[in-house]
Amino acid sequence: MASFMFFGFLQAHQPHYEERTDHAVDGKRLRELWSEMEEKCFNRYLDEANDDFRGVHPYELLKHEVSECRKIMKHDNRKEVLQECTSKVVTLYKRCAHLDNPGQLSNRE
C-alpha cells in the first residue's frame, strides 16, 4: 500500500513538459515571418520619414521586439513563449501598417 502511495506521489511531482517547437521547421518559418513584417514596416518607415516627426515610430519598436524574440528563440523553444512573442510582433506590425498620421503617435505601447 505504501509503495502505491509513493508511486502516486512521484507521478504528481513529475515535471509537466510543455509543447516545444522545432527550430529547423517552425523556427525558420517564424523568423521569416518576423523578417517579412519588419521589412514591410521599414519600407513604410522610409516612405514616411520626416524631420517633424515626434515620438518613436512603430518600426523602431518592432525592430527591437523582433531582435528580442530572436534572442529568446535561441534558448527557449516553448510554443507558448513563441506565440506570445509573435503576438507582440503582430500587434506592432498592425500599428505600423495602419498608421495614418505619423505626427500624432503616442508612446502608449
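Me: What makes the link of Cys69 and Cys85 left-handed or right-handed?

Reply: This is a predicted model. In it, the link of Cys69 and Cys85 has -110° about the S-S bond and is left-handed.

Me: How do you know that Cys69 and Cys85 are joined by a disulfide?

Reply: Two cysteine sulfur atoms within 2.5 Å count as a disulfide. From S to S, Cys69 and Cys85 are 2.0 Å apart, so the pair meets the cut-off. Cys69 belongs to helix H3 (residues 58-75) and Cys85 to helix H4, so the bond ties together parts 16 residues apart in sequence.

Me: Why are Cys69 and Cys85 called buried?

Reply: The label is given under 20% relative accessible area. Cys69 has 0%, so Cys69 is buried. Cys85 has 4% relative accessibility and therefore counts as buried.

Me: How many disulfides are there by this rule?

Reply: The count is two. The other one is formed by Cys41 and Cys96, with sulfur atoms 2.0 Å apart. Cys41 sits in helix H2 and Cys96 in helix H4, 55 residues apart, and the pair links distant parts of the chain. With bonded cysteines counted along the chain, the pattern is 1-4, 2-3.

Me: Why is the disulfide of Cys41 and Cys96 called right-handed?

Reply: The torsion about its S-S bond is about 110°, so the disulfide of Cys41 and Cys96 is right-handed.

Me: What makes Cys41 and Cys96 count as buried?

Reply: The cut-off is again under 20% relative accessible area. Cys41 is at 1% relative accessibility, so Cys41 counts as buried. Cys96 is also at 1%, so Cys96 counts as buried.

Me: Why are H2 and H4 called roughly parallel?

Reply: Angles under 35 degrees count as roughly parallel. Helix H2 (residues 23-48) and helix H4 (residues 79-97) pack at about 20°, their axes 10 Å apart. H2 and H4 are therefore roughly parallel to each other. The crossing of H2 past H4 is left-handed.

Me: Which residues of H2 and H4 meet?

Reply: On the H2 side they include Leu30, Trp34, Met37, Cys41 and Arg44. On the H4 side, Leu82, Cys85, Val89, Tyr93 and Cys96 are among them. By class, this contact of H2 with H4 has twelve nonpolar residues, one polar residue and two charged residues.

Terms used. Residues are numbered from 1 along each chain as its sequence is written. This is a predicted model: local features need pLDDT of at least 70, side-chain atom pairs count only at pLDDT 80 or more; totals for chains, interfaces and linings use all residues. Side-chain values use heavy atoms; hydrogens and water are left out. Axes are lines fitted to C-alpha atoms, for helices over the stretch in contact, and angles run from 0 to 180 degrees between N-to-C directions. Helices (H or I, at least four residues) and strands (E, at least two) are DSSP runs, numbered from the N terminus. Angles under 35 degrees count as roughly parallel, over 145 as roughly antiparallel, 65 to 115 as roughly perpendicular and the rest as oblique. A crossing is left-handed if the near helix is turned anticlockwise from the far one by less than a right angle, and right-handed if clockwise. Contact means heavy atoms within 4.5 Å. Ala, Val, Leu, Ile, Met, Phe, Trp, Tyr, Cys and Pro count as nonpolar, Asp, Glu, Lys and Arg as charged, and the others, Gly among them, as polar. Buried means under 20% relative accessible area, exposed over 50%, partly exposed in between (1.4 Å probe, protein chains only).
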